[in-house]
Amino acid sequence: MKVIHLLLWPIDSSKFIPLFLLLIIMLLCPVKVNAQLHNQANLDYLKNLSSKSSLTKAELDKVRATMLAINNEARLNPNYRKQQGCKTALNLPANLKPLSIHEDLNKLAQEQADYQASIKDVTHDNRNYRDFGARVDKYLKNHPKPEACAGGMYLSEYPIGWMTSETHYRPTWNLDSYNGKSIPVNVVGYGVAKNGDMWYFTAIWSYVEGAASPATTSTNNALPKTDPIATNPVSAKAATLKYQSRMKPGDKLQEGEKLVSANGRFQLRGTPDGTFVIEALPGGQVAYTFPLNDGLNSAPRMSFLSYNPDGNVVINSSQKKAYYATNGSDRAAPIILYKSDHAELTDDGRFVLVDKNGNEIWSATGKLVPKTNPSNASKGTVTNLALNKPTKQSSDMDPRYAGSGKAVDGNTDGSFKMSDTKNSITHTNDERSAWWEVDLGAVYDIEKIVIWNRQDCCWDRLQNFIVLTSSAPFVITGNSVNGDGALFGPLNPWLANIKSHTIDVNQKSRYIRITLVQGPNDRPLSLTEVQVFGK
């Protein structure tokens with residue numbers, strides 16, 4: 001199995017905000033299946049149709065019903081991935097309800113399957129539409145829509161190929177999330193089309209309020225088109241003011257409470273779904289969401305953000321997930337622990353730790369604004385010091401066209417070109433805590449670092465990362481990376497329409513390292529360009 005793309009996109013009725021899109025292709029080989037987990041008659045039916053050049057409407061309807069049955073056999077089996085011999089996501093949720101067919105999603109999926117067959121390529125793009133959001137909103141507006149596309153020689157290969165992959169199983173078991181918010185699904189649509197020997201597949205899942213189970217819903221029924229996640233049960237204004245501008249060590253912010261900046265333009269609050277967000281006022285637009293990671297054995301009755309007496313910032317979420325500024329033994333520990341005087345929500349919407357001298361020492365968003373003295377400004381021209389400098393990364397998917405040097409070649413084109421020497425984006429293997437590093441060759445006064453993300457897809461892979469700086473080579477001790485500079489993050493700045501993110505550094509450094517924070521699953525690190533401006 002060869003994974004080609006993985007893309008997450010949010011969708012909005014007026015402007016698309018990417019939520020997520022899954023794309024995978026299987027080339028010239030059938031999926032290996034534990035047949036005991038599926039009705040063999042269904043598998044045989046699909047395989048026997050594989051030699052046909054096209055399907056009648058009646059056959060297509062039956063293929064969709066068969067794919068739904070296969071999808072639900074896996075969805076209702078919490079041991080499915082263990083029994084299939086998968087390596088990750090082995091503890092699946094139980095007591096899920098079966099998916100049902102949605103005709104609008106069938107139309108959407110079929111249109112994309114037909115398009116893929118017409119160009120003989122597996123893709124989420126479609127030249128007939130401005131973008132993914134415009135295409136999917138044609139049929140079902142304002143709903144989350146994970147989409148999976150694939151190609152294979154046998155109709156029986158999917159949806160099994162997605163459910164047994166190490167990355168594309170999530171929609172089947174409601175495991176997708178965006179900005180810390182779970183994205184459940186209860187309906188699905190399928191499309192299949194053929195060109196030559198290759199079948200092209202598309203599946204699109206969504207959530208439609210009021211959708212019934214397959215036992216009570218005909219695939220021809222139109223379902224209510226309401227949006228269950230369009231509005232938050234607690235509005236931005238409904239949260240209770242707990243702190244104005246600052247928190248002192250030992251303070252705690254609970255779900256439904258808020259910290260408001262001194263100018264009243266931003267607030268930090270806990271939401272009913274267990275996340276903590278920074279929002280712009282008065283509209284409540286989310287400016288930053290604190291990334292949550294697995295790690296709690298039990299969920300608190302009410303989620304809270306704690307500014308601990310030792311200076312650490314910790315979130316315990318009702319999702320049984322957690323966030324912390326430092327784990328006590330990482331690179332951030334000596335910067336944070338017992339070093340801050342107060343925590344502050346700044347007038348520009350950043351949550352920072354400030355020492356007794358008024359210096360920002362840590363920022364949740366990664367942006368530190370130092371106290372400046374114009375007389376200290378040194379002379380010289382600010383340039384991109386990283387351009388064509390020596391680089392390295394934790395692994396190479398293929399050093400011929402996706403090596404570490406691609407991030408300092410001066411090219412900010414965010415479109416990954418598979419197996420093409422013209423590609424200008426790095427790509428590691430799927431791994432825990434993938435990293436990339438550049439050596440500037442000497443110690444410079446660094447003003448800022450600009451990180452350019454991938455744009456054709458997969459922008460979400462760069463969520464939850466840290467940036468380390470040092471004037472001396474990093475020292476690796478076990479799982480710890482040590483240097484003499486600063487740590488920025490964990491950072492979570494991306495939406496699909498955001499091409500770059502700037503980190504204000506304002507310190508002397510020679511080495512820059514970008515590292516993905518370890519999560520429950522392996523993932524690759526891809527960087528379009530890293531620019532280090534200084535003098």
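This is a predicted model: local features need pLDDT of at least 70, side-chain atom pairs count only at pLDDT 80 or more; totals for chains, interfaces and linings use all residues.

Analyst: Helix 1 spans residues 40-49, and its buried residues are Asn42, Leu43, Tyr45, Leu46 and Leu49. Viewed down the helix axis, these buried residues of helix 1 fall within an arc of 160°, so they line one face of the helix. The N-terminal end of helix 1 is capped by Asn39, which has a side-chain oxygen 2.8 Å from the backbone nitrogen of Ala41.

As for the cysteines, the count of disulfides comes to one. The pair is Cys457 and Cys458, with sulfur atoms 2.2 Å apart. The torsion about their S-S bond is about -55°, so the disulfide is left-handed. Cys457 and Cys458 are both buried. Cys86 is buried too, at 9% relative accessibility, under the 20% cut-off. Cys149 is likewise buried, with a relative accessible area of 0%.

The strand residue is Val277, in strand 14 (residues 276-280). Val277 has a relative accessible area of 5% and is therefore buried. Leaving aside neighbours within four places in sequence, Val277 is in contact with Gln267, Leu268, Arg269, Thr271, Val286, Tyr288, Thr289 and Phe290.

Notes:
Residues are numbered from 1 along each chain as its sequence is written. Side-chain values use heavy atoms; hydrogens and water are left out. Buried means under 20% relative accessible area, exposed over 50%, partly exposed in between (1.4 Å probe, protein chains only). Helices (H or I, at least four residues) and strands (E, at least two) are DSSP runs, numbered from the N terminus. The arc is that of the directions from the helix axis to the C-beta atoms. A polar contact is a pair of N or O atoms within 3.5 Å; within protein, one must be able to donate a hydrogen and the other to accept it, and residues adjacent in sequence count only if both atoms are side-chain atoms. Contact means heavy atoms within 4.5 Å. A disulfide is a pair of cysteine sulfur atoms within 2.5 Å.
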